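Trainee: I have the sequence and the model open. Can we go through it piece by piece?

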Amino acid sequence: EGFKFIKEGKARIIYPSNEDADDVPAFYNPAQVFNRDLSCAVLEEFAVQYKEKNKDFIDKMNSEKKAENPDAEPWKFRTLEALSASGLRSCRYALECDTVDRIIANDISVSAVQEIHRNSKFNDCEKKIEIANKDAIELMALRRAPKLNVPVIDLDPYGSATPFLDSAVQAVNYGGMLMVTCTDMGVLAGNHPEACFAKYGSFPLKAHFCHEQAIRIVLYSIERAANRYGRYIEPLISLHLDFFIRVFVRVHHGKKHVKLSCTKVGNVCRDPQSHGFTHYTLGELQKTENGSKYVPPQVKTASSVPYATNLKQGGPMWLGPLHNHEFVRAVQSRIEDCDENVWTTKVRLCGLLEACLEELNDVPLYYHMQKDFGIVLKFSLMKQQILRSAIINAGYRVSSSHATTDIIKTDAPLNVIWDILRAY
Ligand code: SAM
């Protein structure tokens with residue numbers, strides 16, 4: 001009596017009913033159902049793989065604990081939801097991820113923590129959820145010691161996740177996973193480049209590839225934070241969705257690999273006239289032939305001027321793969337097996353992951369058919385399908401992108417594309 005509830009996945013969140021207010025409470029964001037459904041699938045798959053991979057280590061740790069104290073609790077697979085709000089996501093992880101043993105649900109707000117208590121009790125998953133009321137940065141910093149590290153940390157803030165990255169990369173286990181959301185799309189998409197540089201350390205270009213560029217800027221920022229502590233990332237799934245970025249990255253450690261980071265991040269040069277672009281990793285810049293001076297990469301233009309002269313430089317950003325295909329496939333088959341009544345976004349999720357598998361994983365960014373080619377051409381553009389076939393016939397690869405429609409992602413040089421477009 002006096003309470004209402006919302007059902008999502010296997011969880012229900014409870015909130016006081018208020019006749020005057022709208023039905024949905026302020027802290028509940030229905031637009032994030034998709035994010036939470038996907039995160040449940042990713043977390044369970046990751047937990048299964050992590051336990052399998054570290055089986056010997058976990059067994060050894062448990063027998064050492066038992067030898068010290070026969071009543072000691074066995075090692076638990078913990079997930080820290082550092083910014084938990086109502087606790088809905090934590091309740092869902094507790095109810096839907098069988099392989100996850102414990103969830104630490106934390107929020108800085110006292111009223112949010114009251115909600116978490118109420119919701120975990122209401123969902124009968126109090127035993128699986130440990131509740132904390134701390135500044136997430138402080139909580140993660142306290143878990144820097146390897147013994148206190150957790151295998152998974154979920155960062156789902158309002159706006160940018162950058163303030164939390166330094167402590168998160170240190171608090172996650174070697175080989176553990178960070179799940180990171182950023183919702184400040186205006187900044188990441190290039191509307192406020194100076195703000196983006198200040199927050200993420202990367203200068204975004206105002207271009208039609210802004211959606212994928214935003215993902216790459218977030219990944220760059222996580223990689224930089226990881227590198228500071230002898231760690232580096234491996235993106236498992238990296239997405240641009242509706243109005244936010246969501247990435248799932250594995251965090252490894254090792255000095256040798258950290259040094260290779262300069263071969264995975266780099267800049268993008270774009271010619272605003274022809275819309276042509278090129279990219280180069282910062283490591284590549286050092287590899288000049290015979291000690292000769294570095295010559296900036298050149299972008300061929302559509303016009304008679306062979307090379308653009310007023311290139312805009314963006315970055316640095318992540319230029320490596322966005323997804324680990326094997327992992328994407330494993331998550332996809334997990335979603336295919338689930339009940340559509342529980343995960344209401346099942347069909348969309350499967351389609352999205354299929355799009356991730358189809359997109360060229362080693363080719364950063366893309367051209368927009370109409371906005372990049374149509375506008376420059378000033379005459380009618382060939383159909384995308386015809387352009388794609390011609391590019392393939394010329395011996396190059398081509399794909400679409402999960403991030404947006406009507407684009408061409410290809411390893412064909414721009415002059416090849418223009419030759420095809422002109423010949424049409
Ligand atoms: N993950 C939640 C979900 O899926 O329903 C939504 C989280 S909400 C977008 C962000 C939350 O972060 C808010 O509840 C806010 O109180 C909390 N927060 C903001 N700064 C924080 C900090 N420094 N430490 C801990 N919590 C913080």
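**Helices, sheets and a ligand**

Trainee: α6 passes α9 in which kind of crossing, left-handed or right-handed?
Mentor: Helices are DSSP runs of H or I (at least four residues) and strands are runs of E (at least two), both numbered from the N terminus. A crossing is left-handed if the near helix is turned anticlockwise from the far one by less than a right angle, and right-handed if clockwise. For α6 passing α9, the crossing is right-handed.

Trainee: What kind of model is this, and from which number do residues count?
Mentor: This is a predicted model: local features need pLDDT of at least 70, side-chain atom pairs count only at pLDDT 80 or more, and totals for chains, interfaces and linings use all residues. Along each chain, as its sequence is written, residues are numbered from 1.

Trainee: Why is α6 called oblique to α9?
Mentor: Angles under 35 degrees count as roughly parallel, over 145 as roughly antiparallel, 65 to 115 as roughly perpendicular, and the rest as oblique. Axes are lines fitted to C-alpha atoms, for helices over the stretch in contact, and angles run from 0 to 180 degrees between N-to-C directions. The axes of α6 (residues 162–171) and α9 (residues 210–228) come within 8 Å and cross at roughly 40°. That is why α6 is oblique to α9.

Trainee: Which residues of α9 make the contact with α6?
Mentor: Two residues are in contact if their C-beta atoms, placed from the backbone, lie within 7 Å. α6 brings Thr162, Leu165, Asp166 and Val169. From α9 come Ser221, Ile222, Ala225 and Ala226.

Trainee: How do the axes of α12 and α13 stand to each other?
Mentor: α12 (residues 325–336) and α13 (residues 346–358) have axes that come within 10 Å and cross at roughly 160°. α12 is therefore, relative to α13, roughly antiparallel.

Trainee: In which hand does α12 pass α13, and how many charged residues are in their contact?
Mentor: The crossing of α12 with α13 is left-handed. The residues of their contact divide into eight nonpolar (Ala, Val, Leu, Ile, Met, Phe, Trp, Tyr, Cys and Pro), two polar (the others, Gly among them) and charged (Asp, Glu, Lys and Arg). The charged ones number three.

Trainee: In β6, which residue is the bridge partner of glutamate 81?
Mentor: β3 (residues 78–81) and β6 (residues 150–155) pair in the parallel sense over three bridges. The partner of glutamate 81 in β6 is aspartate 154.

Trainee: Which residue takes a positive phi in the hairpin of β1 and β2?
Mentor: β1 (residues 3–8) and β2 (residues 11–16) pair in the antiparallel sense over six bridges. Lysine 7 stands opposite arginine 12 in β2. The hairpin has two residues between the strands, and a positive phi near 60° is taken by glycine 9.

Trainee: Which residues come nearest to the ligand?
Mentor: A residue is near a molecule or strand if its C-beta atom, placed from the backbone, lies within 6 Å of it. α3 (88–96) and α5 (136–141) each supply at least two residues of the shell. Of the 19 residues around the ligand, the nearest are Leu83, Ala85, Ile108, Ala136 and Asp156.

How values were computed:
Two strands pair if DSSP finds at least two bridges between them.
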